[in-house]
Amino acid sequence: MTIIFMKRELLYLFFMLAITACNQKSDKKGLAGATADSVAGVDHSNPTDSACCNSNLPKRYGAVTGIETLAGTEKEGLASHQGMKFIPAGSFRMGAADKEGRRDEYPAHDVKMDGFWIDETEVTNAQFAAFVKATHYVTQAEQKPDWEEIKKQLPPGTPKPSEEQLQPASLTFSPPKGRVDINDVSQWWSWTAGASWKHPQGPKSNIKGKENLPVTQVSWIDATAYAKWAGKRLPTEAEWEYAARGGLREKKYPWGDEDLASGKVKANTWQGEFPYSDKKTDGYSSVAPVKSFAANGYGLYDMAGNVWEWTADWYREDYYQGLKGQTVNPKGPKDSYDAAEPGIPKKVIRGGSFMCHSSYCKGYRVTSKMKSSMDTGLENTGFRCVSK
Ligand SMILES: [Ca+2]
């Protein structure tokens with residue numbers, strides 16, 4: 001891999017790493033190759049579901065430093081159940097019952113669950129601020145990247161970037177002005193110095209007056225640290241899907257089978273043409289306050305759209321295919337494997353975000369999943385917790 005340093009806003013080394021896999025898929029063009037000429041022939045009449053939020057979200061750099069501090073310290077069960085709903089024990093068919101899913105959603109299979117409590121909303125900025133105030137926790141995006149860890153994932157001899165380039169940063173969404181190659185996520189994701197949960201769109205943004213919005217720009221490691229502090233934990237993928245279904249069986253969405261665009265507005269997603277024209281007919285062009293849309297049958301909000309939500313489970317595309325008979329309280333595969341980036345362990349995220357569009361990705365389908373490295377924070381990703 002050739003490291004190319006580009007100055008497109010503050011698009012630095014890590015973002016180049018993040019988009020490598022995508023570019024390998026799309027004829028090995030680097031960012032420099034994504035010129036106007038190269039995208040002029042894009043056929044938008046046949047978009048793929050890999051285009052926006054399903055298969056090629058950018059990532060930080062996949063290093064897992066800091067995770068050791070989370071081991072053996074879970075204090076689950078000490079949580080307040082305020083703001084949570086109890087999901088009764090039962091069984092359900094996990095995975096896609098229709099033909100709209102991707103390979104990792106099949107086969108649908110029987111799962112038996114114990115009861116558990118789950119946050120009725122995504123964790124908000126106010127809640128995360130209380131955690132930071134109490135613990136002085138510093139999120140991944142606020143930390144100076146550790147070159148010693150990064151270089152382990154690069155070819156030997158890769159030169160060290162300048163100190164200027166090794167600054168705290170995170171991935172922000174920057175809508176392009178017009179149509180772009182939808183297989184090139186660098187067209188709308190930027191590695192932005194100073195972006196963090198307190199500055200989700202970059203250093204000039206802030207969360208004042210947005211206390212009731214879901215926290216974003218938090219990594220899996222950050223989310224797990226919050227959960228531990230709250231006496232909770234991240235949901236397993238099975239818990240998340242069981243809760244998201246709201247008691248309905250084999251339906252496409254948390255509200256049933258009615259198409260997203262029909263009837264009442266149901267979730268915060270993307271209307272118009274992704275990624276440059278959001279008509280925001282749902283009322284929001286970015287993250288929406290929690291409880292802006294109707295709850296599902298279990299009283300849970302935003303189980304579709306708004307922000308992707310971290311789960312506890314590792315990602316493997318073939319996980320469901322290896323299951324035999326009914327599983328009980330499954331905790332996902334023992335390890336992670338993403339064929340697009342085999343060397344990067346990834347966790348499952350669920351629910352879709354404000355960037356999901358019916359023509360492209362349908363991440364808000366109740367069985368749809370994405371994956372991301374544990375150190376990645378994104379402007380469209382947050383989490384909620386569960387407890388006993
Ligand atoms: Ca929206």
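1. A residue is called buried here if 20 or more other C-beta atoms lie within 10 Å of its own, exposed if 12 or fewer do, and partly exposed in between, with C-beta atoms placed from the backbone. By this criterion strand β12 (residues 369-373) is mostly covered, 5 of its 5 residues being buried. Helices (H or I, at least four residues) and strands (E, at least two) are DSSP runs, numbered from the N terminus.

2. The model is predicted: local features need pLDDT of at least 70, side-chain atom pairs count only at pLDDT 80 or more, and totals for chains, interfaces and linings use all residues. Residue numbers start from 1 along each chain as its sequence is written.

3. Overall composition. The chain contains 6 helices and 14 strands. Of its 388 residues, 50% are buried. Two residues are in contact if their C-beta atoms, placed from the backbone, lie within 7 Å. Among contacts in the chain with a separation of 6 or more, 77% are between residues 24 or more positions apart.

4. The sheet containing β12. Strands are said to pair if DSSP finds at least two bridges between them. An open sheet of 4 strands has the order β12-β11-β9-β13, with mixed pairing. Its edge strands are β12 and β13 (381-382), each of which pairs on one side only. Helix α6 (residues 237-244) packs on this sheet, touching β9 (308-314) and β11, and its direction makes about 135° with that of β9. Such angles run from 0 to 180 degrees between N-to-C directions, the axes being lines fitted to C-alpha atoms, for helices over the stretch in contact.

5. Detail of β12. Strand β11 (residues 346-350) and β12 run antiparallel and are joined by 5 bridges. Within β12, K371 is the bridge partner of V348, and S373 is that of K346. In a regular strand the side chains alternate between the two faces of the sheet. In β12, K369, K371 and S373 point one way while M370 and S372 point the other way, and all are buried.

6. The sheet containing β2. A further open sheet has 3 strands in the order β2-β3-β10, again with mixed pairing. β2 (90-94) and β10 (327-328) stand at the edges with a single partner strand each, so one side of each has no neighbour in the sheet. Over 5 bridges, β2 pairs with strand β3 (residues 109-113) in the antiparallel sense. R93 stands opposite D110 in β3.

7. Helix α6. This helix also lies across β2 and β3, running at about 90° to β3. Just after α6, G246 takes a positive phi of about 60°.

8. Helix α3. In α3 (residues 125-135), N125, Q127 and F128 are buried. Viewed down the axis of α3, its buried residues fall within an arc of 165°, so they line one face of the helix; the arc is that of the directions from the helix axis to the C-beta atoms. K133 and A134, on the other side of α3, are exposed. The cover over the buried residues of α3 includes α5 (220-229). Just after α3, H136 has a positive phi of about 60°.

9. The nonpolar core. A nonpolar core is a set of buried Ala, Val, Leu, Ile, Met, Phe, Trp, Tyr and Cys residues joined through C-beta atoms within 7 Å. The largest has 73 residues, of which I118, A223, Y226, L234 and A243 touch the most other members. α5 gives the most to this core, with 6 residues. Leaving aside neighbours within four places in sequence, the contacts of I118 include M84, I87, P235, A243, L300 and V386.

10. Backbone geometry. Most residues other than glycine have a negative phi, and most peptide bonds are trans. The peptide bond from Y106 to P107 is cis, with omega near -5°, and P107 is in the loop between β2 and β3. The bond from F274 to P275 is also cis, with omega near 0°; P275 is in the loop between β7 (272-273) and β8 (277-278).

11. Positive phi in loops. D302, in the loop between β8 and β9, has a phi near 60°. This residue is buried, with 31 other C-beta atoms within 10 Å. N329, in the loop between β10 and β11, has a phi near 45°. N329 counts as partly exposed, with 14 C-beta neighbours inside 10 Å.
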